[in-house]
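Please look over the following model.

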Amino acid sequence: MNRHPDTLSGTEIHPKHPALPYTTIFYESQEAIMITDCYSKIISVNPAFSTITGYEPSEVIGRTPSMLKSGLQDAEFYVEMWASIHKDGQWQGEIWNRRKNGEIYPEWLTIRSVNDDNGCLLNYVGMFTDITHRKNTISKLRLHAQVFSNASEGIMITDKRLKILAVNQAFTTMTGYSEQEAVGHTPGLLSSGIQNQYFYIKMWERIHSYGMWQGEIWNRRKNGDLYPEWLSISTLRDEQGHITNYIGMFTDITERKQSEEHLKYLAHFDPLTGLPNRTLLYELMNEATAQAARGKRNLAVLFVDLDRFKMVNDSLGHSIGDKLLQQVAGRLSASVTKNDIVSRLGGDEFIVVLQNLQEPSEAITTAKHIISCMKRPFLVEDNELYLTASIGICMCPSHGNDFDTLVKHADLAMYEAKLNNSGHQLFNAGIMDTFKRKLDLENELRWAASKGELQLHYQPQVHASTGRMEGMEALLRWNHPRLGTVSPSEFIPIAEETGIIMDIGKWVLKEVCSQLREWQSESLFVPAVAVNLSARQFMAADLVSSIRDIVCGTPCSPQQIVIEITESSSMNDIESVLPILHEFKSLGFQIAIDDFGKGYSALGYMKQFPIDILKIDKSFVQELTSDSKSAVITKAIIDMAHGMNLKVIAEGVETTEQLQYLRTMDCDIVQGYFIDPPMPSDRLESLYLLGV
Ligand code: C2E
Ligand code: CA
Ligand code: CA
C-alpha cells in the first residue's frame with residue numbers, strides 16, 4: 001500500500017535539499033524507516049517497515065518503538081543506546097526485535113536524532129534491515145568451519161588443479177603436515193609409491209565420470225611411515241558444471257587393518273603354539289602336493305599324537321597342559337628343516353609335512369628322530385614330565401594325493417602305531433583294510449541286537465577243589481550272516497568307541513535276566529551270573545537306574561547278578577566310579593574287579609571299593625608254571641583278597657598244572673578252558689544245572 005504524502009512528518013526531513021526525491025527514497029527503500037517525534041512516538045513508517053515487522057502504519061503510528069521489543073536485550077542495553085544517541089546523535093548496532101506474528105528476528109538498526117537549526121530535538125529516525133538471512137548464512141558458515149576443523153576424518157580441499165587450499169586438524173594429526181606445509185602442494189605430497197599408475201588412472205576415471213571415488217590407499221606420513229587410509233574423493237562443480245574443487249576425506253585404518261590381520265592370523269594359526277592350524281595346513285599342503293607332482297618328488301605326512309597327554313592335562317591342569325603343548329610344538333619344529341611344515345590340528349595332534357623326499361625311509365628316520373626328541377623329559381613349572389609320541393606316516397603320491405586322504409591315512413597309520421605300541425607306522429593297504437573292516441563292523445553292530453545276531457554264552461566258574469559251580473560269566477557272541485563269528489575282543493572296543501555299548505549293555509542284562517527267569521521257572525538251582533560292564537557305560541548318567549529298572553522289571557533280584565568291571569576302568573576315574581559302585585552295592589548287586597593285576601592298581605583305593613570278588617588276570621594264570629614272578633604275584637593277590645575278605649577267581653585256567661598250583665595257593669574259584677569254555681545256555685543247563 002503506497003501512500004505518498006508530501007511531507008512525512010509535517011516537517012521536511014532535509015529542507016536543505018528539497019529537490020531530492022526523498023519521498024520516493026522513503027517508500028522504495030529496502031531498509032525499514034521509522035520516524036518518531038521527540039517523545040519517541042511513531043509518526044511515520046515506510047512499506048519496508050511493514051514488510052519486516054508485519055505492522056501496518058495505522059497499527060504503529062502514535063505508539064512507541066518499544067512495541068517491537070523482544071525482551072532479549074536487558075534494560076542496561078537500552079540505557080547505553082539512549083546515552084549514545086543523546087551524546088553522539090546516533091546509535092547503531094544489532095538488536096533482536098519481535099514481529100507482529102510474535103517471531104523474534106535480528107535487525108541491524110541505526111537511530112539518529114534530528115535537530116532543528118537551533119539544536120532543538122525534532123525527531124528520531126530509525127532505519128533497520130532484517131539480518132536473519134545474513135545471520136543464518138554466517139552461522140552456517142561457522143558451523144561448516146567447525147565441522148571442517150573438528151571432523152575426525154582428515155579433510156583436504158584442493159582447487160581444480162589439485163593445489164591444496166585447506167586442510168583440517170585431523171589431516172595434520174594423521175599425516176604430520178601442518179596446514180602451512182600442505183597448502184600449495186598437491187596430494188602427491190602424501191604419495192607412498194605403493195599404488196601403481198594404473199591404480200591412479202582408474203581412480204581419476206571414476207572421479208571424472210561419477211564425481212566420486214572411494215577406496216583403500218596407502219599413503220606416507222611426514223615422518224616416512226606408511227599407513228593405510230580409507231579415502232573418499234568428491235568433486236565440487238560451479239553452475240556451468242565445471243569442476244572447481246576436489247574434496248578428499250580420509251580415515252586412518254591402521255588399527256582396523258591390524259585387527260583384520262589379527263583375525264587373519266587367528267584364522268590361520270593356532271594361538272597356543274603359533275603353528276599353522278588346519279585351515280592353513282590345508283592351503284600349504286595343496287601347494288606342496290602340487291609342487292611335489294610337478295617336481296616328481298615325494299612328500300610325507302606325519303600324524304603325530306602324544307600318548308599320555310590327557311593324563312597330564314587331567315592331573316596337572318590345563319595351564320600346565322598348554323605349556324607342555326607349546327614345548328612339544330617347539331621340539332617338533334626344531335626336529336625338521338625349514339622347508340617342512342609343522343601344524344597343530346588340535347588337542348595333542350600335530351601334522352608334520354616333509355617335503356622333497358627321495359625315499360619313504362627318510363620319513364621313517366625323521367619320525368624316529370621326533371619320537372626320541374619327545375622322550376627327553378619336559379620341564380614345566382617344576383614338573384618333570386615324560387611323554388611318548390605315536391606317529392603315522394603317509395607318503396604322497398603313493399598313499400594319496402589330496403589333503404583329506406593323506407591326513408586320514410596318516411591318522412589310521414598312527415592309530416595302528418598306538419595299538420601296536422610301535423612308535424611309528426608307515427601306512428599300508430592292510431591298515432586301510434583294518435579301517436574298512438572297522439567301519440563295516442561299526443555299521444553292522446548298530447543293528448546286531450535288533451536283528452537277533454547277538455547271543456550270550458556262559459562260562460562256568462567252579463570251586464577250585466570241589467569242582468562245584470560257584471557262578472558263571474555271561475559273554476557276548478556275535479554271529480553275522482556275512483561277517484561270520486566276530487570276536488568280542490574285536491567288536492567290544494568298537495562298541496565302546498562308538499557308544500553302541502550303551503544299548504548292547506542293556507541288551508546283555510535283559511538277556512541274562514530272562515535266562516535267569518527261565519531257569520527259575522524250571523526250579524533249577526542257579527548261582528549268580530557275572531555281567532561285564534565297560535568303562536564307557538559308567539559315563540551314562542542313568543547307569544544305576546537303568547540297570548536297576550531292568551533287573552527289577554523281572555522276577556530276578558540284584559543278588560543274582562555280579563557286576564564285573566575291569567581294574568583299569570574302575571581306577572581311571574575313582575572319584576566318579578566309587579559312588580556308583582556304592583549305589584550298586586546298596587541295591588544288592590555283587591561287584592567283581594576283572595583283569596586284576598593287569599592295570600596299575602592303586603592298592604590304597606582298594607579298601608574303599610565295595611567289592612566282593614577279585615578276578616586274577618589270565619596273563620598271570622597262564623604263566624603260573626613258567627614264570628616264578630607271576631606265581632608270586634598270583635599268591636600275593638590271593639592272600640591280599642583273603643585278608644580283605646574277598647573271594648578270588650582265577651581266570652584263563654587252561655591246564656591241570658595251573659589248576660593244581662592254584663589249589664595249593666588257596667584260590668577259591670577257577671574259570672577257564674580247562675574247566676569249560678563259554679557255552680550256549682542250553683548246554684550249560686544240561687552240563688551243570690540239571691545234574692546238580
Ligand atoms: P573278559 O571279561 O576278561 O572275559 C574273559 C575272556 O576270557 C572271554 O573272552 C573268555 O572266552 C576268555 N576265556 C575264558 N577261559 C579262557 C581260557 O582258558 N583261556 C583263554 N585264553 N581265554 C579264556 P571273550 O568271550 O572273547 O571276551 C573277550 C572280552 O570281551 C571280555 O574279556 C570282555 O572284556 C569283553 N566282553 C565279552 N562280553 C562282554 C559283554 O557282555 N559286555 C562287555 N562290556 N564286555 C564284554
Ligand atoms: Ca569279565
Ligand atoms: Ca577278565
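How many residues does helix H13 have, and how far does H13 reach from its first C-alpha to its last? H13 (residues 360-375) has 16 residues and reaches 23 Å, close to the 22 Å expected at 1.5 Å a residue; the expected span is 1.5 Å times one less than the number of residues. This is a predicted model, in which local features need pLDDT of at least 70, side-chain atom pairs count only at pLDDT 80 or more, and totals for chains, interfaces and linings use all residues. Residues are numbered from 1 along each chain as its sequence is written, chains are lettered from A and ligands numbered from 1 in the order in which they are written, and side-chain values use heavy atoms, with hydrogens and water left out.

**Helix H13**
- Ala363, Thr366, Ala367, Ile370, Ile371, Cys373 and Met374 are buried (under 20% relative accessible area, 1.4 Å probe, protein chains only).
- These buried residues fall within an arc of 160° seen down the axis of H13, so they line one face of the helix.
- Their cover includes strands S11 (298-306) and S13 (349-357) and helix H12 (318-334).

**Ligand 1**
- Gln459, Arg477, Lys618, Glu654 and Tyr673 come nearest among the 21 residues around ligand 1 (a heavy atom within 4 Å).
- S19 (469-480) is one of the elements that each supply at least two residues of the shell, and the largest share, four residues, comes from S19.
- A nitrogen atom of ligand 1 is 2.9 Å from a side-chain N or O atom of Gln459.
- Oxygen atoms of ligand 1 lie 2.9 Å from a polar side-chain atom of Lys618 and 3.2 Å from one of Glu473.
- Taken alone, ligand 1 exposes 790 Å², and the protein buries 85% of that (Shrake-Rupley method, 1.4 Å probe).

Note on methods: Buried means under 20% relative accessible area, exposed over 50%, partly exposed in between (1.4 Å probe, protein chains only). The arc is that of the directions from the helix axis to the C-beta atoms. Contact means heavy atoms within 4.5 Å. A polar contact is a pair of N or O atoms within 3.5 Å; within protein, one must be able to donate a hydrogen and the other to accept it, and residues adjacent in sequence count only if both atoms are side-chain atoms.
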